[in-house]
Amino acid sequence: MMEISWIHLVILTLAAFRFTRLIMYDEITSFIRAPFLTITADYDDNMEITHNIEIKGSGLRYWIGTLLTCHWCVGIWSSIIIIALYYYLPSSFPLLLMFAIAGAAALIASYLDK
């Protein structure tokens, strides 16, 4: 079994976090979700935006749509991809580092917005 340093573990964790958010929420990847989900935005009584998600289709299409609405599910698959890149394609480390830095920046921004 390969040992992993604590800094690489932190990098992989942050990269998986950011990759999960990229797949689930970012506008740039909406084309991935579009065949499986319809997302509409409404304002609630406090004038805050709420998103309504409708899963499209049936069978495999519905299953993938369900997967794309589950943060934990996408997180598992994202982690598998991140770990596979780390172990089987070492040259991908700069990409993983980029995701990790973006993930850390997102966490800091979320904290400061409170």
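This note goes through some features of a predicted model, point by point.

1. **The disulfide.** The count of disulfides comes to one. The bond joins Cys70 to Cys73, with the two sulfur atoms 2.5 Å apart. That distance deserves a second look, because a pair of cysteine sulfurs must lie within 2.5 Å to count. The link of Cys70 and Cys73 is right-handed, with 70° about the S-S bond.

2. **How open are the two cysteines?** Are Cys70 and Cys73 buried, partly exposed or exposed? Cys70 has a relative accessible area of 21%, so it is partly exposed. Cys73 has 29%, so it is partly exposed as well.

3. **The salt bridge.** How many salt bridges does the structure hold? The structure holds one. Its partners are Arg18 and Asp26, whose closest N and O atoms are 2.5 Å apart. Side chains of opposite charge can pair when their charged atoms come close. Look at where this pair sits: both Arg18 and Asp26 are buried.

4. **The largest pocket.** The space in the largest pocket is about 310 Å³. Which residues line the largest pocket? The lining is made of Met24, Tyr25, Glu27, Ser30, Arg33, Ala34, Leu37, Ile39, His51, Ile53, Leu68 and Thr69. Find these residues in the structure, then turn to the elements that carry them.

5. Three elements each supply at least two residues of the lining of the largest pocket: helix 2 (30-33), strand 1 (37-43) and strand 2 (49-55). By class, seven lining residues are nonpolar, three are polar and two are charged. Glu27 and Arg33 belong to this lining, and Glu and Arg count as charged.

6. **The loop between strands 1 and 2: Asp45.** Asp45 lies in the loop between strand 1 and strand 2. Is Asp45 buried or exposed? At 82% relative accessibility, Asp45 counts as exposed, because the cut-off for exposed is over 50%.

7. Most residues other than glycine have a negative phi. A reader checking the backbone can start here. Met47 is exposed, with a relative accessible area of 60%.

8. **Aromatic pairs.** A search of the whole structure finds three aromatic pairs. One of them is Tyr86 with Tyr87, an edge-to-face pair with 5.2 Å from centre to centre and 80° between the planes. Another is Tyr86 with Phe93, a tilted pair with 6.3 Å from centre to centre and 55° between the planes.

9. **The aromatic cluster.** Ring pairs link Tyr86, Tyr87 and Phe93 into a cluster. At 16% relative accessibility, Tyr86 counts as buried. Tyr87, at 28%, is partly exposed. Phe93 is partly exposed too, with a relative accessible area of 23%.

Definitions and conventions
Residues numbered from 1 in each chain as written. Heavy atoms only, no water. Buried < 20%, exposed > 50% of the residue type's maximum accessible area, 1.4 Å probe, protein only. 1 Å grid on protein atoms, 1.4 Å probe; cavity = no way out; pocket = protein on both sides within 12 Å on 5 of 7 lines; lining within 4 Å. Points joined across faces, edges and corners; volume = space filled by probe spheres on them. Helix = DSSP H or I, 4+ residues; strand = E, 2+ residues; numbered from the N terminus. Salt bridge = Lys/Arg side-chain N within 4 Å of Asp/Glu carboxyl O. Phe/Tyr/Trp six-rings, centres within 6.5 Å; stacked < 30°, edge-to-face > 60°.
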